[in-house]
Number of protein chains: 2
Amino acid sequence: MVDFTLLRINLDEQKVREEKVDEKTLRKFIGGRGLGVYLALKEIPKGADPLGPENKLYIMAGPVTGTAEGFEAGRTHVIAKSPLTGLIGESNMGGRFAPWMRFSGYEGIVLEGKSEEPVWISVINGEVKFHDAKPIWGRGTHYAEYYIRKTLKEGPKDGGVLAIGPAGENKVKLAALIHAGARAAGRTGMGAVMGSKNVKAIFVMGDRKPEIVDKERFEKGVKLLKDKIKTHPIRKALNSYGTAVLVNIINEIGALPTKNWTKGTFEKAEAISGEHMAEKYLVKTRGCWGCQIECGRLVKTYSPEWGVPEGSKGPEYETIFAIGSNLELGNLEAIIRLNHVLNDMGLDTIEFGNSVAVLMELYERLSKGEIPQDKAEELQKLLDGLRPIWGTPNPVLELAYKVARRDGIGEIMAEGAKALAEHFGCDCVAEARGMSLPAYDPRAIKAMALAYATSNRGGCHLRAYAVSFEVLGVPVKTDPLEVSVEKAKMVKEQQDFFASIDSMIVCKFNTFMTPMPEDYVDLLAGVTGWDVTAEEIMEIGERIYNVERLFNVREGDPGDYLSRRLIEEALPDGPAKGETAKKALEVMLPAYYEFRGWKDGVPTAETLKRLGLQEFEYIIQ
Amino acid sequence: MVDFTLLRINLDEQKVREEKVDEKTLRKFIGGRGLGVYLALKEIPKGADPLGPENKLYIMAGPVTGTAEGFEAGRTHVIAKSPLTGLIGESNMGGRFAPWMRFSGYEGIVLEGKSEEPVWISVINGEVKFHDAKPIWGRGTHYAEYYIRKTLKEGPKDGGVLAIGPAGENKVKLAALIHAGARAAGRTGMGAVMGSKNVKAIFVMGDRKPEIVDKERFEKGVKLLKDKIKTHPIRKALNSYGTAVLVNIINEIGALPTKNWTKGTFEKAEAISGEHMAEKYLVKTRGCWGCQIECGRLVKTYSPEWGVPEGSKGPEYETIFAIGSNLELGNLEAIIRLNHVLNDMGLDTIEFGNSVAVLMELYERLSKGEIPQDKAEELQKLLDGLRPIWGTPNPVLELAYKVARRDGIGEIMAEGAKALAEHFGCDCVAEARGMSLPAYDPRAIKAMALAYATSNRGGCHLRAYAVSFEVLGVPVKTDPLEVSVEKAKMVKEQQDFFASIDSMIVCKFNTFMTPMPEDYVDLLAGVTGWDVTAEEIMEIGERIYNVERLFNVREGDPGDYLSRRLIEEALPDGPAKGETAKKALEVMLPAYYEFRGWKDGVPTAETLKRLGLQEFEYIIQ
């Protein structure tokens, strides 16, 4: 039987407890995201304050984590009730934290309750220690990691740190968890949850080897992935240009959100592209644990104004959109530094960038006298002289420090882009379920409209990455401006597939090259010893997706929508000129519900029964 | 009898107590700085931790405070044991806090003990209230004042706020107390003392009228000051160009500290001068309470990068040196924004600028490979990508946020410029008694060497402002490059005079136009009813200066010195090329001791007896 051990940390009393997860539960949810959201739904009481001690933070590996090299099995999944949305919160992070967590003895760490004083926690080969975090409280994630490694005498420079910055401490709702200085579990405010528990950081290290039940089958599964990835052109593209390879691609189809989602193309796209980064700033590539894709960028800058440590991690595509095109900022060196500072402060670059974009639009309206006087006065007062003008990096830099500290305008921006827009009466935010959208304009990529609207954690590109078929042609090429029932099915299936992928846990980037559930059967069967099939992988994913939806329904789900800007305002430029996302939702959402077996966005009793989720029937009654 | 009431606030128990100061004590120390340092010496136990509950913070008015207009009687004096030097700490601040404090009912507020939770305190017409400061803990002084005024329903937009920023909360040793967003009790770390007591801010307001015992004589004294100031050319200069009128003047004599005190002239001086500020950035002038000089600058900027609220306070000369010439930064708009941010963070711009200057010199040495490897690695790690290069504003901006939060390199810079230099083994700081020097190079203005070395609170231009005679010709013009015994006497006398001026309290800028103790006899006699003479004013000042020295001797005074850079390194440029400060101290210090009645910097028993300070004889035994 596959061993899956959780370390439950009771912070109220600084007591720890080991818990073996039974195989029946595992087979229903695999691990990672699936097990995390299942436990969250069972254990976090209805109506719990996301920043209160009743919330729990699940930091999860999966059975595949840290088992083999050649594909990416180094990611970590984090789950809790989201302070940003009040719904299911979960976020997936690259790097090598989860492998080190497994090596330290645990497939998952669950933070429960709340520590009275700030602590950081070390877990080394099964030994758990609590350390005083006062010397690093208020500090950035970079100094925190430096301090922790300096303080620990026990080990080498190995092991992994997961930390929050000031943003998490101050319960900023866009606070991220940061690992290795730059790897982020960014979305849904997981950093604020850890901060609310007075936990600054977790360090994990050890030499336990993860179990593989059927080695032969496992190796067959690994070889399949390894070989397919090795020669694939997408691997080459990601390796050469990182995720920012998408800047030019998405700009060309008019789907690069620009100037707070008022345009779909950015004239300076080339200057912030992965190609430009590779040409001028790339020092070397860097993969997560065991990965041969190596989409990570280690970069340098030249400007004295925008310094970063040589070889520190460069910005991802999402960040380049969020603090680049969406702010009309075409200075890649500034973006590299800003990304570095945002990681240090522990902020989700996507939500932060969208918040700044809303602020820049507000500031433009303020300058034109279009904000009511009382609100205009408040805005001026809270800006305290800052001039958030399109394309201007310094105010963005200061806002990073201000949002993390909830200072001045940062107090309002700390609630997220939607809250900022609402506070100043500006219906100008691109969001779904209270979380602002990532870097693909759904008016130009229709299936993304459905993907965003139906994402349980709020506007997200990673629950279904419809870009893969709409733009990249994986597994088949569709027309991004076409609206169809078939696409609704593809979105649904991708959501289910990805839910299993996030539970094994492997990286979704593997699926660009190994896009079929079949590609993962030997891997999962090998590591667990289960006689699993492709159908079961899809069914498990569907079960997970329904559990998340149940969580939302229980907490008062606002439903599957996109905000007004995307529905009513047509794109004024590019290949998608004149397009909105209205029709996409009108056509695809009913079909999607049909495929899901949902009624008005809520799973039916039949669906729960089919998926073995009867224990949650009380939620839909 | 003159009424002088202290409000003693016991923070441990949130209890308050009024205390009338007896007239005998008042006559010996007047009020303000004099009474504050006397009480500090009596009440703060020897060896007390400056950041512990045993330290006390005295926030003082004087008998002249808030009594009449036409000269400056609006300043506040703050006294405590200094966390920066471990010696007497005291700082004098413009604006209108002390008048409002008197109007609220008190000549002084004494913070004692330590609050368990962060609080802010309101004092309105004698009524003291404690308020929860958690909603503004971690925030800047600007937002804190905004929040406090919004929270208080009781009053109009009058009243005064004295607040700390994150720097004070984090016990940064260069933390300032900030009033009205920009008025600073900056030096000696008084902000850290308030922070150590968990007090975020104090609000004072009321309508009590300060007492004037002999109105007729008082009015005579007021008229004398008013008339002399009104027509004086120095008033005109200060009104037209602010304190920054000094940039060009001091640069011309080669005494403008540049590039961390390695030069005495700055090629971009004109660009950061008061004249340039007046021409391009001045909105209007602004005086402290009742003052007709109006040296304060209300400014604007144009650049989107360096915004400030239109009409916010511009930088003083000291700040322009500290973050301008001393960093070779010639961008006045950047300096205006940096000043604004430093005030918001609650940092002393002088100590901060000197710390950054040391850091820039360290960084230059690092780039040349001149730092030992282990220290070089630590410095690189703590800089986390920042490139503090001469003349580059962005790293300075980020350092303001980092020092205030003790983050990364800020952890070391938070201890002051001297500590930073020592940590990295660089003998490159300009300091006396552990406090870094202000904007006059003592190699080019010899009497300033003595003034700095003998300043009880550490390197300071305001304990004796020898610049007045060495450069401005007040009351007589001396040759700044000449070393003489007569100058030692002038420094001693100015120190005594200023100690009384700081105790009445009036602004030293009055003394540019009314430079004789005689000018203040009617004023002080009128307000107090005392038959005071010019000689007594000088004797009181001398008594105060000796009390401060006794405080230092008791705490382990490092003595009257200037750091190596000023003694051994000759100026390479300007009219003072080839000069050091060595001879100035060698010649003038012994003479100064003679005039003071001190032996090796320590008051003799005879001196204490002459000044009526026998109660402190135990210190010198």
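The largest nonpolar core of this predicted model holds 447 residues. Within that core, A:Phe352, A:Tyr440, A:Leu562, B:Phe352, B:Tyr440 and B:Leu562 touch the most other members. Both chain A and chain B are represented in this list.

One of these residues, A:Leu562, may be examined through its contacts. When residues up to four places away in sequence are not counted, A:Leu562 touches A:Glu431, A:Ala432, A:Leu437, A:Pro442, A:Ala449, A:Tyr452, A:Ala453, A:Ile567, A:Ala581 and A:Leu585.

| Property of chain A | Value |
|---|---|
| Span of the C-alpha trace along the principal axes | about 65 × 55 × 50 Å |
| Share of the 621 residues that is buried | 70% |
| Share of contacts between residues at least 6 apart in sequence that join residues at least 24 apart | 71% |
| Accessible surface | about 19,000 Å² |
| Share of that surface belonging to carbon and sulfur atoms | 49% |

Charge in chain A is carried by 81 positive and 88 negative side chains. The centres of these two sets lie 2 Å apart.

A:His340 is part of helix α12 of chain A, which covers residues 332-345. The relative accessibility of A:His340 is 7%, and because buried means under 20%, this residue counts as buried. Apart from neighbours within four places in sequence, A:His340 is in contact with A:His142, A:Val308, A:Pro309 and A:Ser312, and also with B:Asp384 of chain B.

B:Gln614, by contrast, lies in a loop of chain B, between α26 (605-610) and α27 (617-620). Once neighbours within four places in sequence are set aside, the contacts of B:Gln614 are with B:Leu608 and B:Lys609. B:Glu294 stands 320 residues from B:Gln614 along the chain, and the C-alpha atoms of these two residues are separated by 42 Å.

Terms used
Residues numbered from 1 in each chain as written. Chains lettered and ligands numbered in written order. Predicted model: local features only at pLDDT ≥ 70, side-chain atom pairs only at ≥ 80, totals over all residues. Heavy atoms only, no water. Buried < 20%, exposed > 50% of the residue type's maximum accessible area, 1.4 Å probe, protein only. Contact = heavy atoms within 4.5 Å. Areas by Shrake-Rupley, 256 points an atom, 1.4 Å probe, with all protein chains shown as cover. Lys, Arg positive; Asp, Glu negative; His and termini not counted. Charge placed at Lys NZ, Arg CZ, Asp CG, Glu CD. Core = buried A, V, L, I, M, F, W, Y, C linked by side-chain atoms within 4.5 Å. Helix = DSSP H or I, 4+ residues; strand = E, 2+ residues; numbered from the N terminus.
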